[in-house]
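These notebook entries record what I looked up in one structure. I began with charged pairs and then turned to the ligand and the backbone.

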Amino acid sequence: MDGTSPHDGRALSGLRFSAATAAFQVEGARTADGRGRTIWDDFVDTPGNVSDGSTAEPGPDSYHRVDEDIALLSGLGVDRYRFSISWTRVIPDIGASQSINETGLDYYDRLVDVLLAADITPEPTLYHWDLPVALEAVGGWLNRDTAHHFADYASVVAGRLGDRVRHWYTINEPASTSLQGYALGELAPGRALLFDALPTVHHQLLAHGLAAPMLREHGALQAAPTLNHSLILPATETETDLAAAGLLDAIMNRLFTDPLLVGEYPDLSAFGVQMPFADGDMELIAAPNEVYGFNYYNPITVRSADGELPFEMVPTPGAATTGFGPMWPIRPDTMRDFLIDLHERYGAQLPPIIISENGAAFPEPETTTTEIVDTERIDYLSSHLSAVLEAKAAGVRIDGYTVWSLLDNFEWAEGWPQRFGLVHVDMNTGTRTPKASYRWYRDLIAAANA
Ligand code: FCB
């Protein structure tokens, strides 16, 4: 076994291991105990939006089966569990008459207690894409007020859980919300505003900037967003493809790293957009965080185009692919290179990185009575962990690694068929069956802690 093999316990020691889920993807129970509606409720209830017509219910139904989930986490031996809190379970109606739904908060209160009793550090994300419909009705993330509403919500949750929760994530993957949700309309809220969507970036970053100090006032030791990144590869070395790759890199990556780490936006003149920032915003956004939450799945290959967008995504030549097909190539080397570049580009401004999501879906049966032998997932995770270790060996500070996902779950516009779990879930009965990758991850964590 070579020195950087993820199976070498010594190389892995010092990394904290976690597994992730998100409220809308695993909880089900969309109308239970006074939960209010979100943009994802509207999205799934509109025929044609979700590939298989599913509506996130019943699915894993973690709202009712959370003890089983925690037993699975215990069996894995993870240090942490990254889950998300549903804004509208906590505040069902945003507006003049808004009130706090203590029953909704009770669910998370108990989840935190059971995790702590199992010696697992709770690591909630406050916003994993499920915006209250009342906020979307007045512009959603296009409206600056949404950032302030988010900070109010963060303060309510921290008021209840902050005595026990010290590690928070604020906003998950603002790039996905802005680009796929508001620019292209592939995800909720399904708006296709192209570059006019870019102000949603600023308001999400501001939401983080306003909420993080409140979480710290409640004792947080970590209050960071999670950012999804992809290394952008030009389809050819022609000047036009290189320029197209530069533009997409600016929108997918630099648009987030620059404001968070150096307090300014990259040059957006090519897109004809001005970010709507007010005095003091950039200081809030760039206030140092304890960690940098880093989600990575795949690189993107791009060539220049003459349509509404100046670039077009194309398959990555020679790469194996996941269940999503040619647009989800498997290239762990690009994760390593991205991490090293981030470290070199931002130096001391970059806090220690936590890999806050990494994983892959492959075609798997809807039901099973035996363990699924998901060798492709094990290979994917193993090779990406090797990439993490290589980046560490090159000097990048990386403190943690998180598998997406603990469970098969509702994969947004793709519905149930794209299964990412270490644990298989029968979406009709909720039955959980650990896959071979669960055993693999359990053994790896045990080796790291030995
Ligand atoms: C990420 C999302 C997560 C999950 C994975 C596959 O972009 O944060 O909820 O859907 O992709």
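**Entry 1: salt bridges**

I first looked up R37, which forms a salt bridge with D45, the closest N and O atoms being 2.9 Å apart. I noted the rule: a salt bridge is a side-chain nitrogen of Lys or Arg within 4 Å of a carboxyl oxygen of Asp or Glu. The model is predicted, and local features need pLDDT of at least 70, side-chain atom pairs count only at pLDDT 80 or more, while totals for chains, interfaces and linings use all residues. Residues are numbered from 1 along each chain as its sequence is written, and side-chain values use heavy atoms, with hydrogens and water left out.

I then checked exposure, where buried means under 20% relative accessible area, exposed means over 50%, and partly exposed lies in between (1.4 Å probe, protein chains only). R37 is partly exposed at 37%, and D45 is partly exposed at 38%.

Next I found R164 and D163, whose side chains meet in a salt bridge at 3.0 Å, N to O. D163 counts as exposed, because its relative accessibility is 53%.

Helices (H or I, at least four residues) and strands (E, at least two) are DSSP runs, numbered from the N terminus. D258 counts as buried at 8% relative accessibility, whereas R254 is partly exposed at 27%. I also recorded that salt bridges with shared partners join R30, R35, R37, D41, D42, D45 and E57 into one network. By the rule above, the count comes to 33 salt bridges.

**Entry 2: a buried aspartate**

D426 lies in the loop between β15 (423–425) and β16 (432–434). A polar atom of the D426 side chain lies 2.9 Å from the backbone nitrogen of N428. Leaving out residues up to four places away in sequence, D426 touches E366, T367 and T431, where contact means heavy atoms within 4.5 Å.

**Entry 3: the ligand**

I listed the residues around the ligand, among them Q25, W129, N172, Y297 and F420; a residue qualifies if one of its heavy atoms lies within 4 Å. An oxygen atom of the ligand lies 2.8 Å from a polar side-chain atom of H128. The corresponding distance for E173 is 2.5 Å, and for an N or O atom in the side chain of E411 it is 2.7 Å. The protein covers 94% of the 290 Å² of accessible area that the ligand has on its own, with areas from the Shrake-Rupley method and a 1.4 Å probe.

**Entry 4: the backbone**

I looked up two cis peptide bonds. One runs from E57 to P58, with omega near -10 degrees, and P58 is in the loop between α3 (39–44) and α4 (62–76). The other runs from A188 to P189, with omega near 10 degrees.

D61, also in the loop between α3 and α4, has phi near 55 degrees, a positive value in a residue other than glycine. D61 counts as buried at 18% relative accessibility.

Conventions
Polar contact = N/O pair within 3.5 Å; in protein donor to acceptor, adjacent residues only side chain to side chain.
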